[in-house]
Amino acid sequence: MFRDTFDKAVWFLLALTMAAILLLVARGGEPGDGKRGAGLGKAVEREMAYRARVELVGKLYRPVEELRQSGNNAAALLKLDELIRSYPGEAHGHILQGEILREMGAFDEAVASYVEGVKLNGDYLDAKSPLSRRKEIQQLVDEGLKSVGARAAASPGNRSVAASLQKVNYLKSRLAGGCE
């Protein structure tokens with residue numbers, strides 16, 4: 001059986017292969033179960049990551065909301081500027097900035113902030129999302145099509161009004177399901 005080095009090497013490789021197969025069978029079960037488990041695991045991971053993001057956003061922007069509720073919108077905007085610089089990829093700051101600017105009557109700037117937020121994260125248009133601002137954005141679009149559209153018609157050469165109308169139309173397109 002073990003007459004020479006070649007026989008020993010063959011038997012060693014055979015034993016190693018059998019051990020690897022046993023290990024795979026013991027660890028993975030049936031191949032179909034492993035795939036389902038991995039798919040379920042990824043869905044759970046995504047849901048957990050989304051919930052963690054929602055909670056983090058709530059904690060991060062709580063001081064801004066408190067300033068806003070106390071009627072101190074100027075201080076809230078300053079705090080938002082700081083947060084937007086610290087977290088440039090986070091959309092929530094832009095959305096809050098848009099809400100505050102709209103309350104303050106700066107409509108065109110509010111539209112620009114909403115556009116920045118929606119470009120960073122489309123969850124704000126999803127009615128099922130806990131972060132959804134779909135209703136507010138729809139109201140903004142309706143108001144913008146009337147007011148900015150009238151200003152654009154009155155002064156067709158005004159580039160800033162045309163840019164603002166373009167942003168309103170971008171939000172309208174995203175609400176209708178369009179993408180970038």
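In this briefing, a contact, or touch, means heavy atoms within 4.5 Å. Welcome to a predicted model, in which local features need pLDDT of at least 70, side-chain atom pairs count only at pLDDT 80 or more, and totals for chains, interfaces and linings use all residues. Residues are numbered from 1 along each chain as its sequence is written, and side-chain values use heavy atoms, with hydrogens and water left out.

**Overall build**

- The protein chain has eight helices and zero strands, where helices (H or I, at least four residues) and strands (E, at least two) are DSSP runs numbered from the N terminus.
- With a radius of gyration of 28 Å, well over the 16 Å that the globule rule gives for 180 residues, the protein chain is more spread out than a compact globule.
- That radius is taken over C-alpha atoms, and the globule rule is 2.2 Å times the number of residues to the power 0.38.
- Along its principal axes, the C-alpha trace spans about 100 × 40 × 30 Å.
- Among contacts with a separation of 6 or more, 57% join residues 24 or more positions apart.

**The nonpolar core**

- Of the 180 residues in the protein chain, 29% are buried; buried means under 20% relative accessible area, exposed over 50%, and partly exposed in between (1.4 Å probe, protein chains only).
- The largest nonpolar core holds 33 residues, and Y61, V64, L80, V111, V118, I137 and L171 have the most contacts inside it.
- Two or more residues of this core come from each of α2 (31–60), α4 (73–86), α5 (92–103), α6 (107–120), α7 (134–154) and α8 (159–175).
- Helix α6 gives the most to this core, with six residues.
- A nonpolar core here is a set of buried Ala, Val, Leu, Ile, Met, Phe, Trp, Tyr and Cys residues joined through side-chain atoms within 4.5 Å.

**L80 and Q97**

- Leaving aside residues up to four places away in sequence, L80 touches Y61, V64, G93, L96, Q97 and I100.

**A look at Q138**

- Q138 sits in helix α7 and counts as partly exposed because its relative accessibility is 32%.
- Although Q138 and V168 are 30 residues apart along the chain, their C-alpha atoms are separated by 10.0 Å.
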